[in-house]
Amino acid sequence: MSRIGKNPIAIPAGVTIDVKDGVITVKGKLGELTQEFSDVVVNVEEGQVVVERPSDSKDHRAKHGLYRSLINNMVTGVSTGFTKELELVGVGYRASNQGQKLDLALGFSHNIVLEVASEVILETISEKGKNPIVKLTSYDKQLLGQVTAKIRDFRRPEPYKGKGIKFVGEVLRRKAGKSA
């Protein structure tokens, strides 16, 4: 048995789950998410969701833990939500936003303007003497990960000086550089 797949998912108050024709729909106070599934059986019973596999074939074993994790992320997302913070490390690196438009100054000749999806709440924090922080909040973990990866790809942290866009609390592996 999959260690992850066999754990039941507790349904918090205010969350409703509907399973119909290979599609699971999770509704909560923050939003609504849907996910198609196959090769597993999803049962909603007494305030918890149980994911079971019909056989021990390799494909069924692979998808057992996967769909359990996806459903758990959906339940957590619509009830509490997810937050990621990106820190801009570098001289002259700035971030600002007007609604859903993120404006980044990352040392290129022009600023980078990115239109962020409406499901993601965007916030920029700039304090004097500290690195600018871009705070992203959403109920959809997959979308949040895609948006943060796209922002981070504009200027990945480099190993010598540590400049670039990194997650808050991320530890970078640093290199020594040239020895003269």
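User: Which residues are buried in α2?

Analyst: Happy to start there, with the note that this is a predicted model. In helix α2, the buried residues are Leu 143, Leu 144, Val 147, Thr 148, Ile 151 and Arg 152. Buried here stands for under 20% relative accessible area.

User: What puts them on the same side of α2?

Analyst: The arc they cover around the axis is only 165°, so they sit on the same side of α2.

User: How does the reach of α2 from its first C-alpha to its last compare with what is expected?

Analyst: With 13 residues, α2 reaches 18 Å, close to the 18 Å expected at 1.5 Å a residue.

User: What makes Asp 140 a cap for the N-terminal end of α2?

Analyst: A side-chain oxygen of Asp 140 lies 3.3 Å from the backbone nitrogen of Gln 142. The cut-off for a polar contact is 3.5 Å, and the 3.3 Å pair caps that end of the helix.

User: Why is Tyr 139 called buried?

Analyst: Its relative accessible area is 18%, and the cut-off is under 20%, so Tyr 139 counts as buried. Tyr 139 is placed in the loop between β12 and α2. Beyond its sequence neighbours, it touches residues including Leu 30, Leu 33, Val 78, Phe 82 and Glu 119. Gly 77 is another of its contacts; the two C-alpha atoms are separated by 4.2 Å, although the residues are 62 apart along the chain.

User: Is His 60 buried or exposed?

Analyst: His 60, in helix α1, has 16% relative accessibility; this is under 20%, so His 60 is buried. Its side chain makes a polar contact with the side chain of Ser 55 at 2.7 Å, within the 3.5 Å cut-off. Leaving aside neighbours within four places in sequence, His 60 is also in contact with Asp 39, Arg 53 and Pro 54.

User: What are the edge strands of the open sheet?

Analyst: The sheet has four strands in the order β11-β12-β7-β13, with antiparallel pairing. β11 and β13 are the edge strands, as each pairs on one side only. The twist from one strand to the next averages 25°.

User: How do you know that β7 and β13 pair?

Analyst: Pairing needs at least two bridges, and β7 and β13 have four, in the antiparallel sense. Glu 87, for one, has Lys 166 in β13 as its bridge partner. Helix α2 lies across β7, β12 and β13, running at about 5° to β7.

Note on methods
Residues numbered from 1 in each chain as written. Predicted model: local features only at pLDDT ≥ 70, side-chain atom pairs only at ≥ 80, totals over all residues. Heavy atoms only, no water. Helix = DSSP H or I, 4+ residues; strand = E, 2+ residues; numbered from the N terminus. Axes fitted to C-alpha atoms, helices over the stretch in contact; angles between N-to-C directions. Contact = heavy atoms within 4.5 Å. Buried < 20%, exposed > 50% of the residue type's maximum accessible area, 1.4 Å probe, protein only. Expected span 1.5 Å × (residues − 1). Arc of directions from axis to C-beta. Polar contact = N/O pair within 3.5 Å; in protein donor to acceptor, adjacent residues only side chain to side chain.
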